[in-house]
Amino acid sequence: MNPQQQELAARIAGRRGAVRGPFRVWLHSPEMCERAESLGAFARFDCALPRHLRELTLLMAARNWDAQYSWNAHVRQAIEAGIPEAAVKAVAEKREAVFDDDADQAFYQFCREVLENHFVSDETFARALEHFGPKGLVDTIGALGNFTMLGMCLNTFQVDLQADSEPPFPDIRGYERVVPDEDGPRP
């Protein structure tokens with residue numbers, strides 16, 4: 001690594017404990033890495049959303065992009081932060097997740113519509129706005145965008161899938177979509 005990459009790697013390791021995952025890729029472009037790290041740190045640690053919804057946003061974007069590395073790295077954190085295991089499983093299986101808390105359900109629906117439809121209905125927007133306000137929704141879009149970029153990076157550069165982790169999605173093996181049948185997934 002050149003001096004700029006070394007300095008940036010040291011900063012990332014200081015904040016995140018190590019240089020791993022996408023940062024090993026992004027360091028090839030230190031300018032991109034620095035900006036991506038800054039946005040990612042904001043989305044993960046500093047945005048207006050409560051921790052459990054930041055983690056839910058990450059899982060939803062990871063599943064949307066089939067980003068197994070992100071999922072594996074954050075699924076326990078999401079559950080520990082308060083996302084129900086049944087909701088996590090539903091997201092992994094691309095089923096409708098149900099939340100007891102009205103704000104969490106509104107948030108989930110907002111993110112789901114953005115990711116799946118690329119648009120949000122007026123009703124969904126109004127409901128989410130009522131719970132999170134304009135700042136919360138802007139931060140949500142920023143987080144979804146950041147975690148989408150993360151998933152694209154991880155899959156494109158085939159970042160280590162954490163061999164000791166069980167594959168999180170029933171329709172993905174390695175970096176390939178599979179079709180499940182009675183005997184299990186097949187390419």
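Hi everyone, let me start with a term: a salt bridge is a side-chain nitrogen of Lys or Arg within 4 Å of a carboxyl oxygen of Asp or Glu. Searching the whole structure turns up 14 salt bridges.

A word on the model. It is predicted, so local features need pLDDT of at least 70 and side-chain atom pairs count only at pLDDT 80 or more, while totals for chains, interfaces and linings use all residues. Residues are numbered from 1 along each chain as its sequence is written, and side-chain values use heavy atoms, leaving out hydrogens and water.

Now the overall fold. The chain has eight helices and four strands, where helices (H or I, at least four residues) and strands (E, at least two) are DSSP runs numbered from the N terminus. In sequence order, the pattern is α-α-α-α-α-α-α-α-β-β-β-β.

Back to the salt bridges. R15 and D46 pair up at 3.7 Å, N to O. R15 sits in helix α1 (residues 3-16) and D46 in helix α3 (residues 30-46), so this pair links distant parts of the chain, 31 residues apart.

How exposed are the partners? Buried means under 20% relative accessible area, exposed over 50%, and partly exposed in between, with a 1.4 Å probe and protein chains only. R15, at 45%, is partly exposed, and D46, at 49%, is partly exposed too.

Next, D139 and K135 meet in a salt bridge at 3.5 Å, N to O. They are four residues apart in helix α8 (residues 122-156), which means about one helical turn separates them. D139 is buried at 7%, whereas K135 is exposed at 54%.
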